[in-house]
Structure formats: C-alpha cells, structure tokens
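Open the model in your viewer and keep the selection panel to hand. We will go from stop to stop.

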Amino acid sequence: MLRFWQKSPDYKFTKRKVFGKLKPLLIVFNAVNKDMCYKFGYDSCHKFYTCLECKKRGHTVSARFIQHNGETTIELGRLQHICEPQKYIHENFFNASEEEKSIPPTNSSN
Ligand SMILES: [Zn+2]
C-alpha cells in the first residue's frame, strides 16, 4: 500500500498587511481542533511558507503548495511545530497589520 506523506490539512489562503504592503498569509488549521490554526508567512528567499510563531523562536516549519491528483494542496515540512496553535479568529488584513506592528525586535534577551 502506498504511504502518503500526510493527509492534506485544511487551510485558508489570505493576505495580511505588513508595513503598508500586502503579504501572503497561509492559515493551516489544526487537524484535531479546527478552531485552532497555525499562521504561515511567505518566505520569498526560499519560496515556501514558514510558520510565523515557530520562526520567532528560530525554528522553521515549512509548507508549500503542490499539485496532488490534479488538486492544489499543501505539503507540510517534516519538522513539527514548537509553537502552540492559535485560536482562529476571522480577521482582515488591517487587523493583522496591527498585530504585526506589535511584534518586538528579534534580538531576544533570554
Ligand atoms: Zn508553528
């Protein structure tokens, strides 16, 4: 029997506003609890999406769009999240931009 890499997770593709520019935002829902999700931002250097919360902690969980049986789906990288899934709140990109601005600089002091 063929072993598939992973059942395609539910996802939603949207945009967020970061410093006045619209950036792709990929929301991947938790397989167990669909109220929870992970948010992926697009990494234009590597041409894939990375989990924003994991990235803040120096950990890269990747995701990319692939064609599978004629359907577009997403493939998740092998690394597991070290972040906790966040409650999914329907938000538009204007609200998301406020969230983005509140992120402190990346040089953590711990
Ligand atoms: Zn994560």
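In soluble globular proteins, nonpolar side chains tend to be buried together.

**Stop two: tyrosine 38**

Which residues does tyrosine 38 contact, leaving aside neighbours within four places in sequence? Select Val28, Cys51, Glu53, His81 and Pro85 to see them.

**Stop three: lysine 47**

Move to the loop between E3 and E4, where lysine 47 lies. Is lysine 47 buried or exposed? Lysine 47 counts as exposed, because it has 9 C-beta neighbours inside 10 Å, and the cut-off for exposed is 12 or fewer. Lysine 47 and serine 62 are 15 residues apart in sequence, and their C-alpha atoms are 9.9 Å apart in space.

**Stop four: confidence**

Colour the chain by pLDDT. The mean for the protein chain is 79, with 75% of residues at 70 or more. Among the elements, helix H1 (residues 52–56) has the highest mean, 96. Helix H2 (residues 93–101) has the lowest, 46. Select residues 93–103: pLDDT is below 50 here, yet the model gives this stretch 14 contacts beyond near neighbours in sequence. Finish at residues 1–5, where pLDDT stays under 50 and the model has one contact beyond four places in sequence. Where pLDDT is low, the predicted coordinates should not be read in detail.

Notes: Residues numbered from 1 in each chain as written. Predicted model: local features only at pLDDT ≥ 70, side-chain atom pairs only at ≥ 80, totals over all residues. Contact = placed C-beta atoms within 7 Å. pLDDT = per-residue confidence, 0-100. Helix = DSSP H or I, 4+ residues; strand = E, 2+ residues; numbered from the N terminus. Buried ≥ 20, exposed ≤ 12 C-beta atoms within 10 Å, placed from the backbone.
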